[in-house]
Amino acid sequence: MKILVPVKRVIDYNVKPRVKADGTGVDLANVKMSMNPFDEIAVEEAIRLKEAGKAEEIIAISVGPTKAQETLRTALAMGADRAILVETDAEVEPLAVAKILKAIVAEENPGLVILGKQAIDDDSNQTGQMLAALLGRPQGTFASKVEIDGDSVAVTREVDGGLETVKLSLPAIVTTDLRLNEPRYASLPNIMKAKKKQLDVKSPADYGVDITPRLKTLKVSEPPVRSAGIKVADVDALVAKLKEMGVA
Ligand code: AMP
């Protein structure tokens, strides 16, 4: 079985995003970029399935600029076998990414596509669900456990107030939640080896997908600055203050 793992290059999760002065978006100039954290978890899960003998090949895919090659090399250094960059400098919305992935699924015929549950830049949480809908395949989203058993996969999902386990027949789409696993770090020898692994560069047009945006960002603004707190002497003063503020 092949596993496809879409990985997005996003602003690093440790970076505090700054909004551009003209309010048109987040300033990405000279900002550290990394693999979307949920996608690292997806790569790790695919590797564990391969190590357990449940998969033969892992293909990492990214839709993005030339620099997304670095993200793909990271996936290759972790343990993916080969990679495909669908190169574009445009911002690509989840539906267009899902359509590109659908075309790659038609070529590669994977048993599983494991995506992150959301990209931490757009927070859309849409691509996996859209891909499943476009393909008419079962989906197990927000996975905290993935177990392949013959021609089906059991996915334990993080839902409000507990866990739900669904059984999907393969081929299927899975999206990862934080608790699924702890991704490994790539070792130096593996980083060196990854440089020689196959990385094909394609364009959205190669897959016949029009990536023209359907959404227009009207304005991006910083969250309101928190006002300073106050100190009270004791519990009585706290209660009095809360009453004065109308919250007790
Ligand atoms: P989103 O729907 O944008 O929150 O993204 C959910 C998941 O879809 C991500 O965690 C990735 O696995 C995948 N994905 C979204 N955009 C891209 C992209 N440009 N390239 C590769 N994978 C992507």
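A charge counts as sitting over a ring if NZ of Lys or CZ of Arg is within 6 Å of the ring centre and within 35 degrees of the ring normal. One case here meets that definition: the charged end of lysine 117 sits over the ring of phenylalanine 142, 5.4 Å from its centre.

Before going on, the ground rules. This is a predicted model, in which local features need pLDDT of at least 70 and side-chain atom pairs count only at pLDDT 80 or more, while totals for chains, interfaces and linings use all residues. Residues are numbered from 1 along each chain as its sequence is written, and side-chain values use heavy atoms, with hydrogens and water left out.

Now the overall picture. The protein has 6 helices and 11 strands; these are DSSP runs numbered from the N terminus, H or I of at least four residues for helices and E of at least two for strands. Along the principal axes, the C-alpha atoms fill a box of roughly 65 × 45 × 40 Å. Of the 248 residues, 41% are buried. Buried means under 20% relative accessible area, exposed means over 50%, and partly exposed is in between, with a 1.4 Å probe and protein chains only.

Next, the ligand. There are 19 residues around the ligand, and Asp39, Val63, Ala119, Asn125 and Thr127 come nearest; a residue is near a molecule if one of its heavy atoms lies within 4 Å of it. By type, the shell divides into 8 nonpolar, 8 polar and 3 charged residues. Nonpolar here covers Ala, Val, Leu, Ile, Met, Phe, Trp, Tyr, Cys and Pro, charged covers Asp, Glu, Lys and Arg, and the others, Gly among them, are polar. Strand 4 (57-64), helix 3 (94-108) and strand 6 (112-116) each supply at least two shell residues. The largest share, 3 residues, comes from strand 4.

Which side chains have an N or O atom by a ligand oxygen? For aspartate 39 the distance is 2.5 Å, and for asparagine 36 it is 3.0 Å. A polar backbone atom of serine 124 is 3.3 Å from an oxygen atom of the ligand. The protein covers 99% of the 480 Å² of accessible area that the ligand has on its own, by the Shrake-Rupley method with a 1.4 Å probe.

Asparagine 125, one of the residues that come nearest to the ligand, lies in the loop between strand 6 and helix 4 (127-135). Its phi is near 55°, a positive value in a residue other than glycine. Asparagine 125 is partly exposed, at 26% relative accessible area. Asparagine 30 also has a positive phi, near 55°, and its place is in the loop between strand 2 (9-11) and strand 3 (33-35). Is asparagine 30 buried or exposed? Asparagine 30 is exposed, at 84%.

Helix 2 (residues 68-78) has Ala68, Thr71, Leu72, Ala75, Leu76, Ala77 and Met78 buried. After helix 2 comes glycine 79, with a positive phi near 150°.

Last, the region around strand 10. Leucine 170 and proline 171 are joined by a cis peptide bond, with omega about 0°. Proline 171 is in the loop between strand 9 (162-169) and strand 10 (172-176). Within strand 10 is isoleucine 173, which is buried, with a relative accessible area of 1%.

Terms used
A polar contact is a pair of N or O atoms within 3.5 Å; within protein, one must be able to donate a hydrogen and the other to accept it, and residues adjacent in sequence count only if both atoms are side-chain atoms.
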